[in-house]
Amino acid sequence: MKENHFFAMMSRMKLIDRWGLMRNTIKENDSEHSLDVAMIAHALGVINNVYFDGNIDANRLALMGMYHDAIEIITGDIPTPIKYHSDEVRTAFREVERVAKNSLVEGLPPELRQIYAPLLVETEEEKELWRYVKAADKLSAYIKCIEEQRMGNVDFAIALDSIKNIIDNLNMPEVDLFMAKFIPAYSLTLDELK
């Protein structure tokens, strides 16, 4: 039954903790993060279509966001400073990602593999859509930093500035609009949101 383990493995995303080298006031796992990324990626696609006369498949973005960190079931969440420490580490990690993806895809019957494989690692065919998912991933990380800072956790101060700088340089009007219209609400209390 090894070829049918894909969804059992996906259910383990909730066991992968994020931000492993950071002190967290609120623990976050890959399932929670992936839901956030899926919702934000979908929103970026909708924003593109509504405000910028685009033609992006927002539903596809949501699906890609759901699975974007699935390989971490095998690799764990490798902190960004480690993953991008050097060209050698980056190259080695790409190979680890490829092996992890293949291992997960082999958990599907052959007739389903071509459907799920492109959801696990960026493909050239959907490079533009992956750009939105990556932007959503950065926005999710930025929101996590805001939440941690609101709880008085100064460990996320540098990450907040670093991620904000990356977001500012994405040159995506959808992201800029999301930052302007939706990010300020993440600094409010529940009573203020009502």
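**Close-up 1. Where helix α2 meets helix α3.** In this predicted model, Ser 34, Val 37, Ala 38, Ala 41, His 42, Gly 45 and Val 46 of α2 touch Ala 58, Asn 59, Leu 61, Ala 62, Gly 65 and Met 66 of α3 (contact means heavy atoms within 4.5 Å). Eight of the contact residues are nonpolar, five are polar and none is charged. Here Ala, Val, Leu, Ile, Met, Phe, Trp, Tyr, Cys and Pro count as nonpolar, Asp, Glu, Lys and Arg as charged, and the others, Gly among them, as polar.

**Close-up 2. How α2 and α3 cross.** The axes of α2 and α3 (residues 58-67) come within 7 Å and cross at roughly 160 degrees. The two helices are therefore roughly antiparallel to each other (angles over 145 degrees). Their crossing is right-handed, that is, the near helix is turned clockwise from the far one by less than a right angle.

**Close-up 3. Helix α2 against helix α8.** Now look at α2 (residues 30-51) packing with α8 (residues 127-150) at an angle of about 125 degrees, their axes 8 Å apart. That angle makes α2 oblique to α8. α2 passes α8 in a right-handed crossing. Among the contact residues are His 33, Asp 36 and Ile 40 of α2, and Tyr 132, Asp 137 and Ile 143 of α8. This contact has ten nonpolar, three polar and two charged residues.

**Notes for all views.** Residues are numbered from 1 along each chain as its sequence is written, and side-chain values use heavy atoms, leaving out hydrogens and water. Local features need pLDDT of at least 70 and side-chain atom pairs count only at pLDDT 80 or more, while totals for chains, interfaces and linings use all residues.

Definitions and conventions:
Axes are lines fitted to C-alpha atoms, for helices over the stretch in contact, and angles run from 0 to 180 degrees between N-to-C directions. Helices (H or I, at least four residues) and strands (E, at least two) are DSSP runs, numbered from the N terminus. Angles under 35 degrees count as roughly parallel, over 145 as roughly antiparallel, 65 to 115 as roughly perpendicular and the rest as oblique.
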